[in-house]
Amino acid sequence: MQAWHVHENGEPGEVMRLEDTKPPTPGDGQVLVKVRAANVNFPDALLCRGQYQVRPPLPFTPGVEICGETEDGRRVIANPVLPHGGFAEYALADSAALLPAPDALDDAEAAALHIGYQTGWFGLHRRAGLQAGETLLVHAAAGGVGSAAVQLGKAAGATVIGVVGGSGKAAVARELGCDVVIDRRSEDVVAAVKEATGGRGADVVYDPVGGEAYTQSAKTVAFEGRIVVVGFASGTIPSPALNHALVKNYSILGLHWGLYNTKDPELVRHCHEQLTDLAARGAIKPLISERVPLAGAAGAVQKVADGRTTGRVAVVMEESA
C-alpha cells in the first residue's frame, strides 16, 4: 500500500514522504480499516512539527480522522491509532471506538464529522451550557473547528457572531449562517461585538485561536458569560488575568475533547448520535472546501498549517472520489 511517512520533524510540506509499505498489523483490540477519506486537522501539522501533546515514534503516518471501511464491510469513522494514521490506504483503529458513518454524509463529510464537531458539541453543550436565545461568539469562524461551532450554535438556537480574517473568509462565515460577521483585519473586534450586542457582550465565546483572540474574548464576554478555550492556532498561549474574571463574573472553561475517549466513552457515542441526527435533518453539514487525492496530502496539511484554508480539506481515495 501507499502511506505518507514522517521520518523527521519539521514543516509538513518538507518532511512528509509518500512511500510504498506493507499494511499495518492490528494489535489486540484493533482493526484494519481501508481508508475512504481522511480529514486534515491542524494537529496533523503539529504532529509533523513534533509540537503535539502526543509524539508518535518516527517514522509515523499522520492523519487523525478518517472515514473508512472495515473488513466486514461496515462504513465507519474513526481516529486512527498512531503511528499508523489516516494518510494511507489502510490505517489501524481501536475496534471499540469505531462509530457508524452517517448515511446523510459522503465519505469526506463523514470524516470531518468527528473531532471538530465533537469538540464543538462538548464545548458548547457539555462545558458552556449554551441556551437558545443566547449569543455565541466564534473565533476563526470560517475554519474547520470554527465552522462546526457556528453550525452547532445555530442548530441550538443561538445568535452567532463570527470573527474571521479577510473578506473571503467573511463570505464563507455568512454562508455558514453567522448572524454577524466581523473581519478582524479591517474592523475593531471588541467595538463590533459590543455594537452587535448592545454593549452586553457574548454569553459564550468559542476560542480555538488564543493569543490576541483570547484578549478580545475577555473584553467581549458578557456578565456570567463563558469562554471556552479550545486551542491555540495562533501559536500563542494566553495567560488569563484571573482578577479580571473575578470582577467581571465570567468563567474560563478548558476543553480537551480527547480525554472523553478514556474518561467517558459512552458520552462520545451519545454525542455522535446527536450529531448523526442533526446531519440527517440537514441542521449541520461539514464544509469541505477542497478534496485532494492521496498524493496531495502533504500540500493539504501545509495549507492548513499556514492558515490558508476555509472549512475542511479532505484527502479522498480514488474509489471514493
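**View 1. Tyrosine 260 in the predicted model.** Tyrosine 260 has a relative accessibility of 15%. Because buried means under 20%, tyrosine 260 counts as buried. The model shown here, as in the other views, is predicted.

**View 2. The rings of tryptophan 121 and phenylalanine 122.** By the pairing rule used here, the structure has 2 aromatic pairs. In the pair of tryptophan 121 and phenylalanine 122, the ring centres are 5.2 Å apart and the planes meet at 80°, so the pair is edge-to-face; planes over 60 degrees apart count as such. Tryptophan 121 and phenylalanine 122 are both buried.

**View 3. The rings of phenylalanine 122 and tyrosine 260.** This aromatic pair is tilted, with 4.2 Å from centre to centre and 35° between the planes. The pair joins distant parts of the chain: phenylalanine 122 belongs to helix H4 (residues 115-127) and tyrosine 260 to helix H10 (residues 260-263), 138 residues apart. Phenylalanine 122 counts as buried because its relative accessibility is 0%.

**View 4. The aromatic cluster.** Trp121, Phe122 and Tyr260 together make up one aromatic cluster.

**View 5. Helix H5.** Helix H5 covers residues 144-155, 12 residues in total. From its first C-alpha to its last, H5 reaches 17 Å, close to the 16 Å expected at 1.5 Å a residue. The helix is mostly covered, with 9 of its 12 residues buried. Among the buried residues of H5 are Gly144, Ala148, Val150, Gln151 and Leu152.

**View 6. The residue glycine 157.** Glycine 157 follows H5. Its phi is positive, near 90°.

Conventions
Residues numbered from 1 in each chain as written. Predicted model: local features only at pLDDT ≥ 70, side-chain atom pairs only at ≥ 80, totals over all residues. Heavy atoms only, no water. Phe/Tyr/Trp six-rings, centres within 6.5 Å; stacked < 30°, edge-to-face > 60°. Buried < 20%, exposed > 50% of the residue type's maximum accessible area, 1.4 Å probe, protein only. Helix = DSSP H or I, 4+ residues; strand = E, 2+ residues; numbered from the N terminus. Expected span 1.5 Å × (residues − 1).
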